Amino acid sequence: MRLLVTGGAGFIGSAFVRLALNGRWASRLTNLDKLTYAGNLENLAEVERDPAYRFVHGDINDAQLVVRLIEEERPDAIVHFAAESHVDRSILGPGAFFETNLRGTFTLLEAARAVGVERFLHVSTDEVYGSIDEPHDADEGYPLKPSSPYSASKAGSDLLALSYWTTYKMPVTVTRASNNYGPYQFPEKLIPLMITNAMEDKALPIYGDGMQVRDWLYVDDHCRAIRAALRKGAPGEIYNVGGSRALPNRDVVEMILDAMGKPHSLMQTVKDRPGHDRRYAITTEKLERATGWRAEVDFETGLKETIEWYRANGEWAGRVKSGAYQEYYERNYAGR
Ligand code: NAD
Ligand code: TYD
């Protein structure tokens, strides 16, 4: 398959690019990325010399560039990861979320419509369903009730993408994944933030009572699900992707501290996030039935590997946590 990937220098996108090139899922892969704070070409060092790979530094809002790339590369599929992806940042400043997640997705869809493309895979999140009360799990028909500017921007872009199938018969498929974790994740999200703070014996900030539940999905399992949806998923369809491992945040952080031999006293309760969703829970039978995909990595194994990766890549984390990261950290956590 010839692929045009957006946001391939971020956490999940770079895992997908590495797997697609190393595993020969793609005969040609073009990665369009703006290199925001979250984009990092170091994540792609192992594939940068692959002749099947092309990196293009640019914005998905640049309509001319996107049209030119689709014309030049004639991809079989566009896999759209590019987004502003962090809930806390969307609370501090939602503007960029509108620009990239909504307007950027629109620009990309319009370019794909103008030139024509065999498949458009829009990578989305289970956060579009909002907080889900026990004992329910959201299937793909569950109502959308996003809580944060981030999840609202993703819900909007999902609906826009799906409308291109309904209206123009553009073959759009949407995947909605639960919380990802694994190597190369930017240390603003729960798991890498807790691992890297614990490495420095810094306080681990727990929002509110820490009993919010998230379903954890190893990043490579997510990438394999995207590949499965590309190959066997149907246009116009939505597929949830989950790890079937729902845990309260506090349990996750305690598991991290135990695995690292650090005391639980590093955990520090801080003021809760506004609009904080209490529980995410999804069913993944639709994807499993349609494609045969199953999550392969259990949480204990994935977490252990992730901790080992951060320990072995302290320099990566050190570089990522310098400069602008410190300003963000101060803004989000000071006085909380
Ligand atoms: P990330 O923040 O790590 O990476 C985002 C990437 O997009 C970066 O490389 C960034 O430079 C690029 N980008 C941002 N704006 C751009 C623009 N205007 N033009 C081109 N490139 C741009 O994000 P991630 O965690 O890898 O998430 C990837 C996708 O998966 C997102 O769409 C996100 O909503 C979705 N998702 C994430 C999770 C999760 O747990 N992280 C779960 C489900 C779904
Ligand atoms: P996060 O990784 O930001 O993902 P999302 O909000 O998209 O689910 O947060 C995961 C959970 O961890 C969420 O309930 C918020 C909580 N959390 C903390 O308690 N402390 C923190 O410092 C962070 C970043 C998150």
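The surroundings of the two ligands in this predicted model are described in turn.

Ligand 1 is surrounded by 29 residues. The closest are Ile12, Asp33, Ser85, Tyr150 and Lys154. By class, this shell holds twelve nonpolar, 13 polar and four charged residues. Oxygen atoms of ligand 1 take part in several polar contacts, including one with Lys154. There, a polar side-chain atom of Lys154 lies 2.6 Å from a ligand oxygen. Backbone atoms contribute as well. A backbone N or O atom of Phe81 sits 2.9 Å from an oxygen atom of ligand 1. For Thr36, a backbone N or O atom is 3.0 Å from an oxygen of ligand 1. On its own, ligand 1 has 840 Å² of accessible area, and the protein covers 97% of this.

Side chains supply the polar contacts described here for ligand 2. A polar side-chain atom of Glu127 lies 2.4 Å from an oxygen atom of ligand 2. An N or O atom in the side chain of Arg273 is 2.5 Å from a ligand 2 oxygen. Asn249 places a polar side-chain atom 2.9 Å from an oxygen of ligand 2. Ligand 2 taken alone exposes 510 Å², of which the protein buries 98%.

How values were computed:
Residues are numbered from 1 along each chain as its sequence is written. Chains are lettered from A and ligands numbered from 1 in the order in which they are written. This is a predicted model: local features need pLDDT of at least 70, side-chain atom pairs count only at pLDDT 80 or more; totals for chains, interfaces and linings use all residues. Side-chain values use heavy atoms; hydrogens and water are left out. A residue is near a molecule or strand if one of its heavy atoms lies within 4 Å of it. A polar contact is a pair of N or O atoms within 3.5 Å; within protein, one must be able to donate a hydrogen and the other to accept it, and residues adjacent in sequence count only if both atoms are side-chain atoms. Accessible areas come from the Shrake-Rupley method with a 1.4 Å probe; for residues, only the protein chains shown count as cover. Ala, Val, Leu, Ile, Met, Phe, Trp, Tyr, Cys and Pro count as nonpolar, Asp, Glu, Lys and Arg as charged, and the others, Gly among them, as polar.
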